[in-house]
Amino acid sequence: MASAPSHPRPRRKLLVIGLDGVPPEILFDRLRPKMPNVAAMLDAGVRGPMRTTDPPISLPAWAVMFTGYDPGTLGFYGFRHRLNHSYSQTYVPRTTLLEVPTLFTLLSERGRRVGVIGMPPGFPPPRVNGFYISDFLTPPESRETTYPVELRGELESKFGTYRFDVPFRAEERGALFRQIVEMTRQRWQVAEALYTREAWDLFAVHEIGTDRLHHAFWKYIDPAHEKYVAGNEFEHVEDDYFAQLDQWIGRLVSHIDADTLVAIVSDHGMMPMRGCFCINQWLAEKGYLSFRRPPDRPGTPLEKAEVDWSRTRVWGSGGYYARLFFNVRGREPEGIVPPEEVPAVRAQLERDLSTLRGPDGGPLPVRILDPKTLYRQLNGDPPDLMVYFDDLKWRSAGTLGYPTHYLEENDTGPDDAVHGVDGIFVLYDPSVVDGRTVERVDAVDVMPTLLYAAGEAIPPEVQGTPVREAVPRARESGNA
Ligand SMILES: [Zn+2]
């Protein structure tokens, strides 16, 4: 547990820059020469990989980073959650489901001035002592996208319709790239205009364009991707985008005073997607899942298939990882597995999963996670089991009707990347030169570390602890 330092650190202001889906090797090495403003902060600050959450998905990751609680305690297991053990009703978590304070609401309660742009979860926008613009998960057509509500009209009159996200699983990549650039430009123009209005104690901006660019263009930019072709027309989109982003970051950071610490954080990394493993087809083949009539149209969602629940013991859903559910008697609407038999079904399932083969006949490594033992608490609507295929290089496809269990392309639209476990943690103090690298900062430790760095008390009940070596300090003279 966090204990108060004997000499409280002086209170500092914070500027938090959240870049979605950026692995350390990109910002720290590959694109560093294209990003002089970020490079200067890396040189003087402290940097390290930020180990993301299980599962490595934006939501829960951002929520964990800015609350200091694990995904199970928050009840955030990904984007879609099934509602109350139903077979087909789902929901995406909203800020109203958060039962603990975020960095932003906590400092608001302490009377600090707080401005937030798009930090997830951000819809509906929480009431803070300042403003909050909702995030990329804002439902289309929503009117309530800013707190206070008047801010929305003010922004629209100055900057046009605000873009929360882009439809990134699109075939037409050229148009998509322009949309991502346009969205990012607008966001940072808004950020600069709002940041320079007053001396914020805490100001945060989240950029989703980085994640979208990577998902949509990974096969064009990463030579490690199986479909990469040298010299392709989109080979330089990442260089171009991040060079522009660096200019926007540089403009924002040019307004900080010597009292302000800058954090640059990313929620997870990126790596090439190998393909999708059709979890429900495999469960059907193994006899866990039954249909009254097997789906024959490729891409049929499980919700549209004629599932015979009276003969189904296990089913799954797709995404970066497979969520598996047992059809438990007394729990699911048409549950058949007696609760006392769940452990036996689960043991058999784990044995079957451990023998999985990839498309080339070699073993397909599988990691099985049990939310009950993974997290300190289990709230909300957790899956019964979580399964990673080949360290997440294979996605899980929940759809049905294919002649094979292995899909080359994502079943929910073009996508070339999956999430890696390392995001980014950078902390820069304009008044000192440090330049160290720290081994790692865990997602759950981000908020306590920022509170510690800013001289703010850490609520004793948070699960994370401050990583003190991640806070910049002046180097001894003569120490290179
Ligand atoms: Zn993300």
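Guide: Let's start with the layout: the centres of domain 1 and domain 2, taken over C-alpha atoms, are 33 Å apart. The bounds come from an automatic or database domain assignment, with domain 1 covering 13–67 + 102–272 + 419–470 and domain 2 covering 275–414. Keep in mind that this is a predicted model, where local features need pLDDT of at least 70 and side-chain atom pairs count only at pLDDT 80 or more, while totals for chains, interfaces and linings use all residues. Residues are numbered from 1 along each chain as its sequence is written, and side-chain values use heavy atoms, with hydrogens and water left out.

On to the interface. Contact here means heavy atoms within 4.5 Å, and by that rule 15 residues of domain 1 touch 19 residues of domain 2. The size of an interface is often given as the accessible area lost when the parts come together. Here the buried area (accessible area, 1.4 Å probe, lost on putting two parts together, summed over both) is about 1400 Å², and carbon and sulfur atoms give 52% of it. On the domain 1 side, Asp54, Arg169 and Gln463 supply 42% of what that domain buries against domain 2, more than any other three residues.

Elsewhere in the list of salt bridges you'll find Lys227 with Glu409, at 2.8 Å from N to O.

How values were computed:
A salt bridge is a side-chain nitrogen of Lys or Arg within 4 Å of a carboxyl oxygen of Asp or Glu.
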